[in-house]
Amino acid sequence: MIIMNTKYTEEQIEQMEQLVVELLKINDDQNAKLIAMNAKLLNEEAKVRQLTAQIMIFMKPYNNHNHNN
């Protein structure tokens, strides 16, 4: 671990605090967007599974017919 003996002014400390707050806000926004995108993708995945199941049901008689011939 590197220990720095740098002394910061009160103004510099306030600026760093503001930057940290800004970064935390950006992080929160990005997390919210990722959570929303994940929910959307999960919903789309469920739709694909449902449609695939429906297609398989429609294809079952056709597949059975082809296997019997």
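Student: In which helix does Glu11 lie?
Tutor: This is a predicted model, in which local features need pLDDT of at least 70 and side-chain atom pairs count only at pLDDT 80 or more, while totals for chains, interfaces and linings use all residues. Residues are numbered from 1 along each chain as its sequence is written, and side-chain values use heavy atoms, with hydrogens and water left out. Helices are DSSP runs of H or I with at least four residues, strands are runs of E with at least two, and both are numbered from the N terminus. The protein has one helix and zero strands, and Glu11 lies in helix α1.

Student: Is Glu11 buried or exposed?
Tutor: Buried means under 20% relative accessible area, exposed means over 50%, and partly exposed lies in between, with a 1.4 Å probe and protein chains only. Because the relative accessible area of Glu11 is 54%, this residue counts as exposed.

Student: Which residues form the negative surface patch?
Tutor: A patch is made of residues with over 30% relative accessible area and no salt bridge, where like charges are joined within 9 Å and nonpolar side chains (Val, Leu, Ile, Met, Phe, Trp, Tyr) within 5 Å. Asp and Glu count as negative, Lys and Arg as positive, and His and the chain ends are not counted; the place of a charge is taken as CD of Glu, CG of Asp, NZ of Lys or CZ of Arg. The negative patch is formed by Glu10, Glu11, Glu14 and Glu17.

Student: What is the relative accessibility of Tyr8?
Tutor: Tyr8 is placed in the segment before α1 (10-68), and together with Met4, Ile13 and Met16 it forms a nonpolar surface patch with about 390 Å² of accessible area, such areas coming from the Shrake-Rupley method with a 1.4 Å probe, where for residues only the protein chains shown count as cover. Tyr8 counts as partly exposed because its relative accessibility is 45%.

Student: How far apart are the closest N and O atoms of Lys47 and Glu44?
Tutor: A salt bridge is a side-chain nitrogen of Lys or Arg within 4 Å of a carboxyl oxygen of Asp or Glu. Lys47 and Glu44 are three residues apart in helix α1, so they are separated by about one helical turn. Lys47 forms a salt bridge with Glu44, and the closest N and O atoms are 3.5 Å apart.

Student: Which residue meets Arg49 in a salt bridge?
Tutor: Arg49 counts as exposed because its relative accessibility is 53%. The salt bridge, at 2.8 Å from N to O, joins Arg49 to Glu45.
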